[in-house]
Amino acid sequence: MIVHRLARHFTAFRKSKRSFSILSRHLDAASTVFASAARLERVEDPELVLSDAQRRTIYALSTPPGKAGVAVIRVSGPDALRVWSCMVMANSDARSKDKARETDPEPWKMHRCKIIHPESGESLDDGLAVFFRGPKSFTTEDVVEMHIHSGRAIIASILSALSRLSFCRPAERGEFTRRAFEGGRLDLTQVEGLKDLIDAETESQRKAALKAAGGTTRARFESMRDEIIKCLALVEALIDFGEGEEIEKGVYELARKRALVLYHTIQHHLSDNRRGEILRSGIRLAIFGPPNAGKSSLLNFLAQREAAIVTPVPGTTRDILELSLDIGGLPVIVADTAGLRHTDDVVEKIGVERARQTIDKSDVSLCVLSLPELTLSGTIHIPPAISSLISEDTILLLNKADLVSASHINAISKLLGVKHTWQVSLTSGEGTQAFLEGFGRALQERYDMLQERVSEIEEPLITHSRHRAHLESASKFLQAFLDTPAEDVVFGAEELRYAAQAIGKISGLIDVEDVLDAVFRDFCIGK
Ligand SMILES: Nc1nc2c(ncn2[C@@H]2O[C@H](COP(=O)(O)OP(=O)(O)OP(=O)(O)O)[C@@H](O)[C@H]2O)c(=O)[nH]1
Ligand SMILES: [Mg+2]
């Protein structure tokens, strides 16, 4: 039939032999016939290779590769059950040899099973398998999880067996989570929360990420969007009916009042000193001071290992050395820098310049000074290059207390006008424990994370720069609405619509194609 139709097109073209346009018309028609032939063949020929887009069922290793007790391979998509019937032989099946392999396992229950090769039937591993029937699964699709022994050869053999099934394909980065998003199980703030939770290294990061993943952030943004929509409903009513008999007086004013309250709330969140973003990504701490003061010794003390080179030679540290540490339960990225002094040495000069840039970019700076050098001449002398970088918020550490007899804390902190000063000896350990505790507390205080006050303090709402950008744009549209006079009610409604849209973009509820890739790109495969 198809061959017959194709032949008809080519005969017609041979007969006409006229223009190029006739040729292209006949080629178009012929390609349509080819396409329908391909469709037919696909149904008839199960061996035909499907394209990636046609294979909706995906699989991946969801645990880190390597030796461990258990590894999990996850399969999600419309053909997940076919995977089960090809590769999972529950122990009950093995006992009754005649019974066909199970095609309808009891869902949400662990089944003791053998994982077998779909073609040879060879047993690849002993393990457990569970079937989650969609939509009650992570992705909202049918999901099969195989819990196997974690060893490179076992994992490789099962992944290779899965690749033999023509209806599935390996998952892309973050594709399971993307399906959870597309299925409506998670919004974008929850997706980000999940990623942050996996990446969390400190207690404060874990707590914040768990809240976001659980939907708390989503609810807070949604309530803002609801409020805008309520204002919009009032304004729309005005447009439809006009302020007259059907509608009460002062409706526009009411909408403005509500919008103003929300505008202030958003402004309040925007002026949070990036607390949420800093706590998520880590507080950037720069250690600075004159050469030989003990900056690298401090880094080593904080890291509890010999991370930086320490010598009695001034100018030992040249480049920036950064370490991620947990201080007082907060994530801190500590940078050790070159000692600040005037130098003609080319390499040291670059180091000093980099040190200045690092101090500039840091969230918190900590100045280390050597007590014997400060008090050398009997009076306290601080080099101007250092004192100019010290502000009220700089943390001050007076080191080498073992080499001086008196305490100089009060005199020096008064001279420099700083809030937090400690006197220690990093070699003898004197005062270091008090410094560590006090410093952790000072950081918690600065970022409103003091344990005893945490419950009274509002959790930071903005944890990603993406949230900040959309919230800033929502605030601009709200401001524009507030500036719109009542007679331009139609324009006012438009501004509110844009404001609602900007907040909707945070949770990804509307108009989000452009941001999706950015959010899922950072995920690992299998998540
Ligand atoms: N007596 C004494 N010596 C210390 C103390 N802390 C550090 N030192 C010594 O001071 C010297 C310099 O220490 P570093 O930690 O390398 O100093 P730095 O500030 O990193 O020096 P640069 O990298 O050259 O800028 C080393 O010999 C340390 O052992 C201390 O509390 N007491
Ligand atoms: Mg150093």
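What follows is a conversation about some residues, a metal site and a pocket in a predicted model.

Biologist: How are the residues and ligands labelled, and what does the model count?

Modeller: Residues are numbered from 1 along each chain as its sequence is written, while chains are lettered from A and ligands numbered from 1 in the order in which they are written. This is a predicted model in which local features need pLDDT of at least 70 and side-chain atom pairs count only at pLDDT 80 or more, although totals for chains, interfaces and linings use all residues, and side-chain values use heavy atoms, with hydrogens and water left out.

Biologist: Why is serine 507 called buried?

Modeller: Buried means under 20% relative accessible area, exposed means over 50%, and partly exposed lies in between, with a 1.4 Å probe and protein chains only. Serine 507 has 2% relative accessibility, and therefore counts as buried. It lies in helix H19 (residues 489-507), where helices (H or I) are DSSP runs of at least four residues and strands (E) of at least two, numbered from the N terminus.

Biologist: Why is histidine 117 called buried, and what does its side chain lie 3.0 Å from?

Modeller: Histidine 117 has 14% relative accessibility, so it too counts as buried, and it is found in the loop between strand E4 (111-116) and strand E5 (123-132). A polar atom of its side chain lies 3.0 Å from the backbone nitrogen of glutamate 119.

Biologist: What makes arginine 206 partly exposed?

Modeller: Its relative accessibility is 34%, and therefore arginine 206 counts as partly exposed. This residue lies in helix H8 (residues 203-214) and, leaving aside residues up to four places away in sequence, touches Leu197 and Ala200, a contact being heavy atoms within 4.5 Å.

Biologist: Which residues coordinate the magnesium ion (ligand 2)?

Modeller: The magnesium ion is coordinated by Ser296 (OG) and Thr317 (OG1), at 2.0 Å. The pair links distant parts of the chain, 21 residues apart, with serine 296 in helix H12 and threonine 317 in the loop between H12 and strand E9 (321-327). Donors are N, O and S atoms within 2.8 Å of the metal (3.2 Å for Na, K and Ca), and water is not among the atoms, so sites may look incomplete.

Biologist: Where does the largest share of the lining of the second largest pocket come from?

Modeller: Three residues, the largest share, come from helix H12 (residues 295-303). The pocket is lined by 23 residues, with Asn292, Gly294, Ser297, Val310 and Thr311 nearest its centre.

Key:
1 Å grid on protein atoms, 1.4 Å probe; cavity = no way out; pocket = protein on both sides within 12 Å on 5 of 7 lines; lining within 4 Å. Polar contact = N/O pair within 3.5 Å; in protein donor to acceptor, adjacent residues only side chain to side chain.
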